[in-house]
Each structure stands twice: as structure tokens, then as C-alpha cells.
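Me: I am new to this structure and would like to go through it slowly, asking at each step what a term rests on. Here it is.

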Amino acid sequence: MKLILAIIRIAKINETKEALSNAGLPSFTAMGVLGRGNGRGLGPNYQKAINDPDIKNAIVEIGPEPRLKSKRMITLVVTDDKKDIAIETILSVNKTGNSGDGKIIVLEALDSIRVSTGEKGISTLD
């Protein structure tokens with residue numbers, strides 16, 4: 001079993017949810033998170049804004065330190081044979097080629113237990 005964590009843009013959550021469901025992966029958890037990548041959370045419009053005299057002072061007051069941006073994190077546990085389809089589905093929806101597209105992390109999941117029945121293993125994933 002694999003645990004997949006995907007951090008994506010907020011605007012892509014509904015499209016990702018639909019694509020995962022259509023790919024036969026309707027079960028996952030999503031939550032709001034804050035974070036930043038190599039772009040320091042400043043975005044491509046930061047330099048334009050810093051050069052605008054009307055808002056330059058406000059930006060200088062805020063400071064140049066890295067910004068945390070709102071993202072969505074999807075968590076899903078899949079069987080080993082569904083790992084690639086999950087990753088491909090998430091990539092197909094979220095990859096724009098721009099900074100901020102997100103990140104996918106794949107970990108080994110040791111077990112899964114259905115709380116209502118105590119059932120364990122792969123059968124709990126579907």
C-alpha cells in the first residue's frame with residue numbers, strides 16, 4: 001500500500017477530485033494547508049508590485065521574507081498497482097509548468113484499518 005500526499009493549488013481541488021473519482025479513486029481526504037516552495041511565496045507579480053509607487057510602501061512594510069500561501073493537501077492510500085494511476089491523474093490536472101503547481105509525496109503505508117468493523121488490509125481501501 002502507498003500513502004500519497006499531494007499539495008496542490010486551491011483552484012484545482014474540484015477538478016482533481018473529479019479526475020480521481022473518474023480514475024476509480026474516489027476515497028481521499030483533503031485539507032487546507034499553508035506552505036511555500038522555492039519561489040518563497042512571492043509570486044511573479046511581486047517585482048511589478050514593488051516598483052509601483054502606490055503600493056511600494058505597503059510591501060516594504062510587510063518585508064521580503066518568504067510568504068506562506070494557501071494550498072490544498074490531498075491524502076489517499078492506494079494499493080501498489082494503483083499508485084501510478086493516482087500520480088498520473090494528479091499530475092494531469094495540476095501540472096501547468098509554473099512555480100506553485102505543488103508536490104506529490106509517496107510513502108509506504110504499513111496497514112489500513114476500517115474503524116467501523118476492525119477489518120484490516122487492502123480490502124479497507126475500496
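Me: Which residue in β3 does Ala-6 stand opposite?

Reply: Ala-6 stands opposite Ile-74 in β3. This is a predicted model, in which local features need pLDDT of at least 70 and side-chain atom pairs count only at pLDDT 80 or more, while totals for chains, interfaces and linings use all residues. Residues are numbered from 1 along each chain as its sequence is written, and side-chain values use heavy atoms, leaving out hydrogens and water.

Me: What makes β1 and β3 a pair?

Reply: Strands, like helices, are DSSP runs numbered from the N terminus (E, at least two residues, for strands; H or I, at least four, for helices). Two strands pair if DSSP finds at least two bridges between them; β1 (residues 2–8) and β3 (residues 69–78) are joined by seven bridges and run antiparallel, so they count as a pair.

Me: Why do β2 and β4 stand at the edges?

Reply: The four strands form an open sheet in the order β2-β3-β1-β4, with antiparallel pairing. β2 (29–35) and β4 (103–108) each have a single partner strand, so one side of each is left without a neighbour in the sheet.

Me: Which residues of α1 and α4 meet?

Reply: With contact meaning heavy atoms within 4.5 Å, Glu-15, Thr-16, Ala-19 and Leu-20 in α1 meet Ala-86, Thr-89, Ile-90, Val-93 and Asn-94 in α4.
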